[in-house]
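Me: I am new to this structure and would like to know how its labels were assigned. Please show it, and then I will ask.

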Amino acid sequence: MTDEDIYAFRPVPEAAAPAAPPRRRPLWPWLLGAFALLALLVTAACGVALWSIADAAQQGLHLSVNGDDWEPLIVGADHGALALLGLGIATVVVVVVVPVALLLALLAGVLGVGLALLAVVGCVGLVAAVVLSPLWLLGLLLWLLLRRRAPARMAA
């Protein structure tokens, strides 16, 4: 066996790595968007229903079924209809307005605290960088002196 025998065979090329599967997008933004859209549609439906009930309450409601006229319903005299209208409005307020107001207040608080912390950390970091800047030169000099040098290659 000679030195040339070592280089007689070329290395076998490695098999091509399988392509990485495409990255899946997370599902939660779609679910959150669908829930928000559903909440918006329910709110719009409740608003339209309450608007029509309130409009009917002002003008009175006249129903005609198969030519039979029913007496107009005047909400001012019907305490049950007023209670139903108030319950519907209270439900919409509790389901939509209160959570949105709480989320906006929480978002404003978190944003305020986050910006304040960011300003404090930024100022502290800047002050620390300026105060410690004379030590950087010493650290650089020590690193240059103490680092391991790569051995020089000998020419063949």
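Me: How many helices and strands does the protein have?

Reply: The protein has four helices and two strands, in the order α-α-β-β-α-α along the sequence. Helices (H or I, at least four residues) and strands (E, at least two) are DSSP runs, numbered from the N terminus. The model is predicted: local features need pLDDT of at least 70, side-chain atom pairs count only at pLDDT 80 or more, and totals for chains, interfaces and linings use all residues. Residues are numbered from 1 along each chain as its sequence is written, and side-chain values use heavy atoms, without hydrogens and water.

Me: Why is Val93 called partly exposed?

Reply: Buried means under 20% relative accessible area, exposed over 50%, and partly exposed in between (1.4 Å probe, protein chains only). Val93 has 36% relative accessibility, so it counts as partly exposed. Val93 lies in helix 3, and its C-alpha is 9.8 Å from that of Thr43, 50 residues apart along the chain.

Me: What makes helix 4 lie largely in the open?

Reply: Of its 14 residues, the number buried is zero, so helix 4 lies largely in the open. In the protein, buried residues make up 5% of the 156 residues.

Me: How do you know what span is expected of helix 4?

Reply: The expected span is 1.5 Å times one less than the number of residues. Helix 4 has 14 residues, and its 20 Å from first C-alpha to last is close to the 20 Å expected.

Me: What makes the charged end of Arg147 count as sitting over the ring of Trp143?

Reply: The rule asks for NZ of Lys or CZ of Arg within 6 Å of the ring centre and within 35 degrees of the ring normal. The charged end of Arg147 sits over the Trp143 ring, 5.4 Å from its centre.

Me: Which helix supplies the largest share of the nonpolar patch?

Reply: Helix 4 does, with eight residues. Helix 3 (79-131) and helix 4 (133-146) each supply at least two.
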